[in-house]
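Please look through the model shown here with the following explanation beside it.

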Amino acid sequence: INAEYGNTKNRNKKYTHRMSSCVLLSILFFCVCSGSLIDVLNGIIKAELPTINTAIHQHVPSSVGNCNDNNPPQPCDCYNGCADLYYIHKPWEYKAYARWITGLQTGNLSSVIFSEADAGGIITVSVSGLFQQLPLSLWIGECFTFDQCSILWDNTYACCGSNKHFQVYISVNCGNTYPFLTNIHVDNITLDRFEITEKIIGINVNIKDITDNIESVVNSLLTKYLTTEQFIPLNGTKVTVLEFVNSEIKQRLPDFKCPTTPLLYHFKE
């Protein structure tokens, strides 16, 4: 009896050991392949940022504004009918105009973070990035007798600086069927302040009016490329950022349900 009891005890130990090993392996496998759905989604998009940034560099024009004046770096896209980005002439005082802004191809997205959906099925997306350089072709002149204007300076280094960071907050509707994310809308954009570093002596130019207008131009371009512009290559065509994300969800998260709670989720490699 004692021998039989001892054998049974040993068998139970071996069984318990095997069960513990299986449970441990299952936990490790689940941790590797699973996670909060929103974390999994953010991880997928993070991995695809190089693809999106490459598409930005290849598709975004080098310059935007009055492409017919002062030889802007090419390619250049006309803005508002190829007019100057900014123009003001105060008779007998001064004249100022910004022809075009360049450096747009130096833009990079550094992060795209999705939140969980609210009770109304709205997901907030936070997009961060920067422009390495944003030179502005800017002309400033003083106007004298008979309103004859004389140049004070004309260059591309007075504005608007380097390493200009931006933060864009976007809202999208979230659903459980493809396309999962729809009705994209930009809620807010913050952009590092633009400054004119060249001195303006003898005239009272409204610098803030100039920089505010140029910031508005850059904001409108950010909105365009994050919402409606089709520029990311996908299956032989070009798609918007949202269409690209929906395609990734369809491929990698086949059982996608709108993430309203931090449930664990398994995804395809």
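Predicted model: local features only at pLDDT ≥ 70, side-chain atom pairs only at ≥ 80, totals over all residues.

Residues are numbered from 1 along each chain as its sequence is written, and side-chain values use heavy atoms, with hydrogens and water left out.

The protein holds 4 helices and 14 strands, where helices (H or I, at least four residues) and strands (E, at least two) are DSSP runs numbered from the N terminus. Of its 269 residues, 43% are buried; buried means under 20% relative accessible area, exposed means over 50%, and partly exposed lies in between, with a 1.4 Å probe and protein chains only. Among the contacts with a separation of 6 or more, 65% join residues 24 or more positions apart, a contact being heavy atoms within 4.5 Å.

How many cavities of 30 Å³ or more does a search of the whole structure find? The search finds 2, a cavity being a set of points, on a 1 Å grid over the protein atoms alone, where a 1.4 Å probe fits but cannot get out, and its lining residues having an atom within 4 Å of a point. Grid points are joined across faces, edges and corners, and a volume is the space filled by probe spheres set on the points. The largest cavity contains about 210 Å³ of space, and of the 16 residues that line it, Ile56, Val60, Phe131, Leu222 and Tyr225 lie nearest its centre. Strand 6 (107–114) and helix 3 (207–227) are the elements that give two or more residues to this lining, with helix 3 providing the largest share, 4 residues. By class the lining of the largest cavity has 14 nonpolar, 2 polar and no charged residues, where Ala, Val, Leu, Ile, Met, Phe, Trp, Tyr, Cys and Pro count as nonpolar, Asp, Glu, Lys and Arg as charged, and the others, Gly among them, as polar.

The second largest cavity contains about 110 Å³ of space, and its lining consists of 12 nonpolar, no polar and no charged residues. At least two lining residues come from each of strand 6, strand 7 (122–133), strand 10 and helix 4 (241–252); among the residues that line this cavity are Val241, Leu242 and Val245.

Asparagine 42, in helix 2 (residues 37–59), counts as buried because its relative accessibility is 13%, and, leaving aside residues up to four places away in sequence, asparagine 42 touches Val112, Ile113 and Phe114. Threonine 102, in strand 5 (residues 94–102), is likewise buried, at 8% relative accessibility, and a polar atom of its side chain lies 2.9 Å from the backbone oxygen of serine 62. Threonine 177, in the loop between strand 10 (162–174) and strand 11 (181–191), is exposed, because its relative accessible area is 59%.

Definitions and conventions. Polar contact = N/O pair within 3.5 Å; in protein donor to acceptor, adjacent residues only side chain to side chain. 1 Å grid on protein atoms, 1.4 Å probe; cavity = no way out; pocket = protein on both sides within 12 Å on 5 of 7 lines; lining within 4 Å.
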